[in-house]
Amino acid sequence: MALDRRHWLKGALATVSGLWLSACERLTDSSLVQTTLDKTEVLTRKAQRGLIPPQALAREFTPADISRDFRANGSISPGDADYRTLLQAGFADYRLRIDGLVDRPQSLSLSDIRALPARTQITRHDCVEGWSSIGKWTGAQLAPLLEQVGLKPEARFLVFHCFDTLDPEAGAKGRYYESIDLVDARHPQTLLAYEMNDAVLPVAHGAPLRLRVERQLGYKHAKYISRIEAVADFAHIAGGKGGYWEDRGYEWYAGI
Ligand SMILES: Nc1nc2c(c(=O)[nH]1)N[C@H]1C(S)=C(S)[C@@H](COP(=O)(O)O)O[C@H]1N2
Ligand SMILES: [Mo]
């Protein structure tokens, strides 16, 4: 029963996203349609959050299912100077900053991150462009790390700031970023991944650290993470919609 409903909901969501994508360019010009779609999105999010228990796991696969050629998408080799410098030193000087609405801001090296409680999972990555790939991910679970930093009561979202500039025309607002709510942040399959298919995470897939948030579409999985900021809202960040693609018309809630 729950499964049937979930399937139905998935279909309904696919239809909504399909409409959205096919008409994306035209629709973003119309603020009326934008408002209507924003409302639809809130409804689908509430419906999905209501139907699926908060900690329900995304489907996991077997080693035999792993895609031989997992696609890389979006940025695949950031040219940003700060990123290139870190890469050249094998990320020895990399530090993940965690700040914003937290009690104990952190600056973590990769070995600090590798020492955190970890999880390995084989999952399917679904991109809105219509392709999927199955991969094996190992990384630090976000939930225990959030306990360590201590979220302030006003914190409602985590913003993932990335190194890569995807839109050079947009200046400082052209860097990739994403955000998730605390339900997804505390989900056991939500990881800061540093390994893919049992090897160090390749540059094309987001080295040294990328997000896995398995119940969301591909664009929510921020690669090349430089900083995690806990916020009450994201109106003050870049275009104000909570993500690089959200600022360009995609839905903030991309649950699958
Ligand atoms: N920093 C950053 N993260 C990103 C992107 C990007 O361009 N830059 N692209 C997103 C999109 S649309 C997808 S489908 C996935 C692709 O991840 P992959 O290259 O490991 O397949 O990363 C997402 N995260
Ligand atoms: Mo994507």
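**Cysteines and charge pairs**

Modeller: Cysteine 127 counts as buried because its relative accessibility is 12%, buried being under 20% relative accessible area, exposed over 50% and partly exposed in between (1.4 Å probe, protein chains only). Cysteine 162 is buried too, at 3%. Keep in mind that this is a predicted model, where local features need pLDDT of at least 70, side-chain atom pairs count only at pLDDT 80 or more, and totals for chains, interfaces and linings use all residues. Residues are numbered from 1 along each chain as written, chains are lettered from A and ligands numbered from 1 in written order, and side-chain values use heavy atoms, without hydrogens or water.

Searching the whole structure for disulfides (cysteine sulfur pairs within 2.5 Å) turns up zero. Salt bridges (a Lys or Arg side-chain nitrogen within 4 Å of an Asp or Glu carboxyl oxygen) number 16.

Take aspartate 82 and arginine 175, whose side chains meet at 2.9 Å, N to O. Aspartate 82 sits in helix H4 (81–88) and arginine 175 in strand S6 (175–181), so this pair ties together parts 93 residues apart in sequence; helices (H or I, at least four residues) and strands (E, at least two) are DSSP runs numbered from the N terminus. Aspartate 82 is partly exposed at 35%, and arginine 175 is partly exposed at 29%.

Lysine 152 and aspartate 103 also form a salt bridge, at 3.1 Å, N to O. Lysine 152 is in the loop between helix H6 and strand S5, aspartate 103 in the loop between strands S1 and S2, so parts 49 residues apart are tied together. Arginine 227 pairs with glutamate 229 at 3.6 Å, and both residues are buried. Finally, Arg49, Asp181, Asp184 and Arg215 are linked in a salt-bridge network.
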